Each structure stands twice: as C-alpha cells, then as structure tokens.
Amino acid sequence: MQPRNMSMSGVVDLAAVKAAQEAKAKAEQTRAEAARQGGAGAVSPADLVIDVDEAGFEREVLQRSAEVPVVIDFWAEWCQPCKQLSPVLERLAVEYDGRFLLAKIDVDANQMLMQQFGVQGIPAVFAVVAGQALPLFQGAAGEAQIRQTLDQLIQVAEERFGLTGLTVDPDAAPGAGPQEVAVEQAGPYDGLLEAAVRALDAGDFAGAVQAYKNVLADDPGNSEAELGLAQAELLQRVGGMDPQQVRKDAAERPTDAAAQIAAADLDLVGGHVEDAFGRLIDTVRRTAGEDRDAVRLRLLELFEVVGPEDPRVAAARRALARALF
C-alpha cells in the first residue's frame with residue numbers, strides 16, 4: 001500500500017480537498033465500528049512503540065492511523081544519528097501516553113517503504129494521520145524541536161480528524177485483550193458538516209458554502225467549518241473562471257488587484273501554493289488603498305485554506321508583514 005498525500009495540508013486541489021474530508025469521515029467510521037465491536041481496548045506503554053515491515057504496514061500503520069497519529073521512524077543499525085534520535089522518540093511515545101503511536105521501520109529490510117515515502121537520508125521521521133502521510137523532519141533533531149513538532153501533529157490530528165489517541169493502561173500487559181470502551185457520541189454539527197462534504201463531493205460548492213455557514217452561525221469558532229468554508233468558497237470562485245483568460249489578464253496587468261487575486265486563486269487550486277502567496281505579496285507592494293486591502297484580505301483567506309500550521313503560511317506571513325511595513 002503506497003503512502004498518500006505527503007503534506008499536512010496537502011496540495012490544494014480538488015482531489016486534496018475531497019481526500020481530506022473523506023479521510024476524516026473514514027476515520028470516524030473506523031472508530032465507530034471498533035466501538036461497536038468492543039473497541040481495541042487499552043494498551044500497555046510497551047505497545048506504543050512497534051516494529052513495522054512491508055507486510056504489516058497496511059494493518060499497523062494505515063489502519064491504525066484512523067484512531068491515532070502514527071509517527072514513523074526510518075532507521076538502520078549502521079546509522080549513528082539514528083541511535084541518538086530513536087531512544088528520544090521511544091521515550092516521548094511513552095511520555096505522551098497514547099497521543100501518538102511510534103512505528104519503527106528498518107530501511108535495510110524495507111527498501112520499498114523507504115522509496116514510497118521518498119526518504120533521501122536517515123534518520124527520517126514521517127507521520128500518517130487518517131491514512132494521509134506527511135513529512136515531519138530529517139536528521140537527529142533536538143528534543144525541543146521534536147516536542148514542538150509532535151504537539152503540532154497531535155493538534156492537527158485532533159482538530160481536523162477527531163483523533164484523540166489510544167487509551168493507555170500502565171498495568172496492562174502487552175497485547176492485552178479488548179476492554180469495554182464508550183461509543184463516541186456524534187457532535188451537534190456532524191449532520192451539517194456531513195452535508196457540506198456531500199455537497200463538495202457532488203460539485204455543489206454553493207451548497208457546501210451554505211452548509212458551513214449554517215454551522216458557523218451557531219458556532220463561530222468551529223475550526224472544521226472555518227476550514228471547509230474557506231476551501232468551498234475558493235472552489236466556488238475558481239469554478240466559474242476561464243483559466244486561460246485569467247492568466248492572460250494577470251500577465252498583462254501586474255498592478256490590477258482583481259486580476260492578480262483571480263490568478264492567485266488558480267495558482268492555489270493547481271497546487272502552486274508558494275506562487276499564489278508570492279503573487280499576492282508582490283501585488284501588495286505594487287498597490288495602495290482599497291486595492292491593497294483587498295489583496296491582503298484574499299491572502300489571509302488563502303492562508304486559512306492551506307492551514308496555519310503549514311510552514312509556507314508562516315513564511316508568507318513574515319513576507320506580508322515586510323511588504324506592509
């Protein structure tokens with residue numbers, strides 16, 4: 001089974017938006033089915049670190065990523081930096097008490113997995129969340145950096161996919177049998193959010209926009225609805241464009257705010273995230289008054305689409321600040 005989307009936010013195109021929504025829905029279905037069957041039960045701290053090979057990757061990583069973020073440590077016996085990093089990851093897996101699962105993959109014995117993840121050197125650390133893969137860092141990072149990365153991963157997994165981790169019983173023996181678990185209750189807005197996902201699947205972007213707005217009318221801080229609304233509005237705008245004409249207008253009128261905003265929307269939907277951000281930041285420098293404010297606001301909207309945790313957003317925010325001040 002090949003790993004999927006290789007970034008936390010993903011390439012922002014129609015397939016990525018749909019995949020993120022489907023991954024969340026699949027994770028919720030998997031957890032609900034496990035609960036109906038008695039659940040996976042509590043695990044012991046020793047079960048939070050597992051060795052994984054190609055044969056067990058589907059079961060131990062992809063399937064389990066529907067209930068807990070799975071952090072993957074690519075290592076080898078001959079790799080000296082691995083011997084520094086791996087013990088830190090193993091200790092943190094226990095310390096984080098089930099909020100992530102650590103899967104160790106020996107690259108010498110699992111060359112295919114190494115190639116599928118695009119690993120260029122080791123140690124290399126990736127994660128899989130709700131079936132979607134993303135790179136975390138490469139090399140023997142410091143513990144402070146590792147903790148920051150793990151905290152960010154756990155936050156995104158919970159907010160975007162509802163993954164709250166495993167229940168750990170410090171007295172449980174490794175491989176303990178199932179225990180009774182509570183069935184997760186549906187949230188008050190799950191029906192409306194599901195309706196929005198169905199509308200996106202059907203290409204009804206206006207319907208998805210309205211469904212997300214209905215959630216936000218009652219719960220203005222709902223992060224899933226905020227993200228979904230930003231994505232749906234972007235897709236709705238791009239759906240009515242003539243890409244060739246938009247590109248022509250942007251090339252001919254570099255100081256035209258509306259032309260550059262439209263082209264940036266196309267850039268983002270096509271997966272050219274940095275191009276979209278750079279285009280709008282350059283336009284901020286060239287414009288003033290209401291035009292400049294319109295460009296700035298659209299850029300902030302695109303930040304929401306990509307996700308605040310994406311490093312490209314952080315870099316673009318700094319560049320925007322320099323352009324403005």
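Let's start at Glu58, which sits in helix H2 (residues 57-63); helices here are DSSP runs of H or I with at least four residues, strands are E runs of at least two, and both are numbered from the N terminus. Glu58 has 34% relative accessibility, so it counts as partly exposed, given that buried means under 20% relative accessible area, exposed means over 50%, and partly exposed is what falls in between (1.4 Å probe, protein chains only). Follow the chain and you'll find Gly131 73 residues away from Glu58, yet their C-alpha atoms are separated by 9.6 Å.

A quick word on the model: it is predicted, so local features need pLDDT of at least 70 and side-chain atom pairs count only at pLDDT 80 or more, while totals for chains, interfaces and linings use all residues. Residues are numbered from 1 along each chain as its sequence is written, and side-chain values use heavy atoms, with hydrogens and water left out.

Now for the sheet. Five strands make up an open, mixed sheet in the order S1-S3-S2-S4-S5, where two strands count as paired if DSSP finds at least two bridges between them. S1 (49-51) and S5 (132-138) are the edge strands; each has a single partner strand, so one side of each has no neighbour in the sheet. On average, neighbouring strands are turned by 25° against each other, direction ignored.

Head to S2 (70-75) next. Six of its six residues are buried, so S2 is largely enclosed by the rest of the structure. Val70, Ile72 and Phe74 point one way from S2, and Val71, Asp73 and Trp75 point the other way.

What does S2 pair with? With S3 (residues 101-106) it pairs in the parallel sense over six bridges, and Val71 stands opposite Leu102 there. To get from S2 to S3, the chain passes through helix H3 (residues 80-95) in a right-handed β-α-β crossover; right-handed means that, with the strands pointing away from the viewer, the path from the first strand over the helix to the second runs clockwise. With S4, S2 pairs in the antiparallel sense over five bridges, and Val71 has Ala127 as its bridge partner in S4.

Finally, helix H5 (residues 143-161) lies across S2, S4 and S5, running at about 165° to S5.

How values were computed. Axes fitted to C-alpha atoms, helices over the stretch in contact; angles between N-to-C directions. Contact = heavy atoms within 4.5 Å.
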